[in-house]
Amino acid sequence: MLNIADTLYRWCREARPFALATVIQVSDSAPLLPGTALAVDADGNVAGGISGGCVAVAVYELCTQILESGAPPVRASFGYSDDDAFAVGPTCDGELEVLVQRVDPAEQSHLATALEEVLAGVPISVAQVIDGPKCMLGRTLSVYGGGSTYDGTLGSQSTDRAVATKVRALLRAGRTGRVEVGGDADTCPEKLTLLVHTHAAPPRMLVFGAVDFAAALSQADRFLGYHVTVCDARPVFATRERFPHAHEVVVDRPHHYLEHAEVDARTAICVLTRDAESDVPLLRTALELPVGYIGAMGSRRTHEERRERLRGTGVPEEHLARLHSPIGLDLGAQTPEETAISITAEIIAHINKGSGLLLSRVHGPMHGSHPVVQGASPAEILPV
């Protein structure tokens, strides 16, 4: 639906009901991606499009029927089945499934807010129920920014919280996709499948230090969906050949580059240089920025010396508390590749408020933020 956010926002502001048809599944060679939408208002105005030819006509007619009758949302498949009253074939011989629903802006005020955020360029995901109890079809939950704020009409706090937790990963990666929740007492009794519509550029990973660890880390971070930048002041080391998995390799003094870099709450900064002369001004700049994660490589001795240097430049304790150093989780890592896994594991745990503990020692909800550890005292459960 976010492909027609401008029109839907205007209709919501005008309190104009409309029918929304969303592609929720495609197969074979259908030309559209899930999330593509078409909307029709009471005057017959159309925004967006779904396929072409007969399919577009059939979807338009179904939208009109749903809008005029006020009928509950329906799922319709479009392909070559003679058993389907709307069975018409896309020009590429593919098949697609569409969810059609009536949207009354007065009953979904949060949707206008979400669409406004999209138009303002703010990262956001809108999770739409596409499978589950009929009374839940079409309901949405909006998840904002870093994923800590959400709003919607799913019906219960536990369901909202479970969905928001699942959506955060897609929002951070800037991806549209499906999530499933429910079917248990800890989230909601009914199992739900939701299509997550995401508007966001991929999060940034800024890696400082053109070292072997940076090469392995850039590969791991790219796999996780980050837009990876490697920065180093030494042109002989900061080359595309040495960092083929980075989206960009920058030759610049690290703190100078960071002073002008575009960052947000999803940005992760990894300092791998272990050079106090460059680390201190870089980390001082980083700790003043509203980013999601800041980590620095080095021994415990290096870490303590670095903290004292930062204190000496006037960095307050509350800023120093944001620094993850020595960087990474204790995995016994030896190689650059293992170290990259250690670092990315800590970043994932930090962002998701995970404990970093062995799942075999945790009981209760596996994705909860407060695990119960078997055989451990509260003092042994340390925050990430």
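Modeller: With a definition: a contact means heavy atoms within 4.5 Å. In this predicted model, residues 24 or more positions apart make up 58% of the chain's contacts with a separation of 6 or more.

Biologist: How many helices and strands does the chain have, and what share of the residues is buried?

Modeller: The chain has 10 helices and 18 strands. Buried residues are 45% of its 384.

Biologist: At what angle do helix 1 and helix 3 pack?

Modeller: Helix 1 (residues 5-13) packs at about 140 degrees to helix 3 (residues 109-119), and their axes are 9 Å apart. Helix 1 is therefore oblique to helix 3, since only angles over 145 degrees count as roughly antiparallel. The crossing of helix 1 past helix 3 is left-handed.

Biologist: Which residues make that contact?

Modeller: Helix 1 contributes Ala5, Asp6, Leu8, Tyr9 and Cys12, while helix 3 contributes Ala112, Leu115, Glu116, Val118 and Leu119. Of the residues in this contact, 8 are nonpolar, 2 are charged and none is polar.

Biologist: How is a pair of aromatic rings described?

Modeller: By the distance of the centres and the angle of the planes. The count here is 2 aromatic pairs. For Trp11 and Phe18, the ring centres lie 5.7 Å apart and the planes meet at 50 degrees, so this pair is tilted.

Biologist: Are Trp11 and Phe18 buried or exposed?

Modeller: Trp11 is buried, because its relative accessible area is 2%. Phe18 is buried too, at 0% relative accessibility. The cut-off for buried is under 20%.

Conventions: Residues are numbered from 1 along each chain as its sequence is written. This is a predicted model: local features need pLDDT of at least 70, side-chain atom pairs count only at pLDDT 80 or more; totals for chains, interfaces and linings use all residues. Side-chain values use heavy atoms; hydrogens and water are left out. Axes are lines fitted to C-alpha atoms, for helices over the stretch in contact, and angles run from 0 to 180 degrees between N-to-C directions. Helices (H or I, at least four residues) and strands (E, at least two) are DSSP runs, numbered from the N terminus. Angles under 35 degrees count as roughly parallel, over 145 as roughly antiparallel, 65 to 115 as roughly perpendicular and the rest as oblique. A crossing is left-handed if the near helix is turned anticlockwise from the far one by less than a right angle, and right-handed if clockwise. Ala, Val, Leu, Ile, Met, Phe, Trp, Tyr, Cys and Pro count as nonpolar, Asp, Glu, Lys and Arg as charged, and the others, Gly among them, as polar. Rings of Phe, Tyr and Trp (its six-membered ring) pair if their centres lie within 6.5 Å; planes under 30 degrees apart count as stacked, over 60 as edge-to-face and the rest as tilted. Buried means under 20% relative accessible area, exposed over 50%, partly exposed in between (1.4 Å probe, protein chains only).
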